[in-house]
Amino acid sequence: MAASDSQSPAPAPPLGARLDLSLIRKDLGTQRLGTKFHYFQELDSTNSRARDLAEQAVPVVEIVVSEYQTHGRGRLGRRWGSPPLATLYFSAILRPKLSSEHAAQITLMAAVAVADAAVSFIPQSPTIKWPNDVLVDGKKLAGILAEASCDADRVTYVVLGIGINVNFPRDSMPVELRQRATSFMQLTGFPLEREIVFRRLIQDRDRCYGVLEMSGFDALRPRWEARFNLAGRRVRGELDTEMITGVARGIDRHGALVLEDQNGTLRNIVAGDVIPLES
Ligand code: BT5
């Protein structure tokens, strides 16, 4: 079910109206992202569809957006879900000039962009939980799933997927999410027009991606570190199948999380999750 760059008739929306892409395209003013949209009422996953498009060598500027995902994906085989027409799910195809060892910087760049965009809509200041969560008051507002395809040493493309809770009421959340997740609507007390949020996200991501392409991650690093919510906290993470505990010191130039263990040795966690041991 789908249309490329067009909208098909929708059933009566249960929570809100479907996206009006004309409001997003108008005067978007982006340099790199958002010139063509692939709009769907329903998809398994926008990341999966964007990956199919990337394999067909579509240009970098295309964005896949869906009102609903039947198999929205998180990392490590986890799920990402929310009701139709209430939140935003979208994925962009990027072809960054990055070596494969720097591919993780795309996730860090996107977290800065999402957090920056969010401050336009809420009074709180979002934080970033390494590697891919944008939190407000300790609850997850948005998740990022960047999936890179690399050849020998270069990134060939990255599918960058973002899910952000716009108008997701607390009582529609599964019970297990209510203490851990939030939405703009829960934070402000009123629903937002998703087009305004979407435009802002695309614009901030375009700007941050431009900085990454032109100047490298070091130019974004202070903004990332200012929002990093684990700095100086004791956390546990996995390194080469070994569980290690240490104090989070920041990220290295590849985007790995640097922990200082009890011997004062710096250990770099490249992937996976870390759990704060105290608040
Ligand atoms: C993520 O994974 O946070 C990445 C989520 C990326 C979703 C986007 S939507 C567009 C694109 N297409 C896709 O198929 N995916 C991307 P992870 O760090 O593994 O977190 C997953 C966990 O977040 C789940 O196990 C739940 O605990 C929680 N979760 C699921 N849905 C949520 C929601 N709507 N809001 C907040 N937390 C949620």
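## Sheet and aromatic rings in a predicted model

Five strands make an open sheet, ordered S12-S11-S10-S9-S13, with antiparallel pairing.

User: Which strands are the edge strands of that sheet?

Analyst: They are S12 and strand S13 (274-276), and each pairs on one side only. Two strands pair if DSSP finds at least two bridges between them. Strands (E, at least two residues) and helices (H or I, at least four) are DSSP runs, numbered from the N terminus.

User: What should I know about the model itself?

Analyst: This is a predicted model: local features need pLDDT of at least 70, side-chain atom pairs count only at pLDDT 80 or more, and totals for chains, interfaces and linings use all residues. Residues are numbered from 1 along each chain as its sequence is written, and side-chain values use heavy atoms, with hydrogens and water left out.

User: OK, back to the sheet. How many bridges join S10 and S11?

Analyst: Four bridges, in the antiparallel sense. S10 covers residues 242-251 and S11 covers residues 257-260. Val-247 stands opposite Glu-260 in S11. Ile-251 has Leu-257 in S11 as its bridge partner.

User: And what sits between S10 and S11?

Analyst: Five residues, and the two strands form a hairpin. Gly-255 is in the turn, with a positive phi of about 100°.

User: What about S11 and S12?

Analyst: They pair in the antiparallel sense over four bridges. S12 spans residues 266-269. Val-258 has Asn-268 in S12 as its bridge partner. S11 and S12 form a hairpin with five residues between them. In that turn, Gly-264 has a positive phi of about 85°.

User: New topic. How many aromatic pairs does a search of the whole structure find?

Analyst: Four. Rings of Phe, Tyr and Trp (its six-membered ring) pair if their centres lie within 6.5 Å; planes under 30 degrees apart count as stacked, over 60 as edge-to-face and the rest as tilted.

User: Why is the pair Phe-37 and Phe-198 edge-to-face?

Analyst: Their planes are at 70°, so the pair is edge-to-face. The ring centres are 6.0 Å apart.

User: Where are they in the chain?

Analyst: Phe-37 is in strand S2 (residues 36-40). Phe-198 is in helix H6 (residues 194-215). The pair links distant parts of the chain, 161 residues apart.

User: Are Phe-37 and Phe-198 buried or exposed?

Analyst: Both are buried. Buried means under 20% relative accessible area, exposed over 50%, partly exposed in between (1.4 Å probe, protein chains only).

User: Which residues form the aromatic cluster?

Analyst: Phe-37, Phe-90 and Phe-198 form one cluster.
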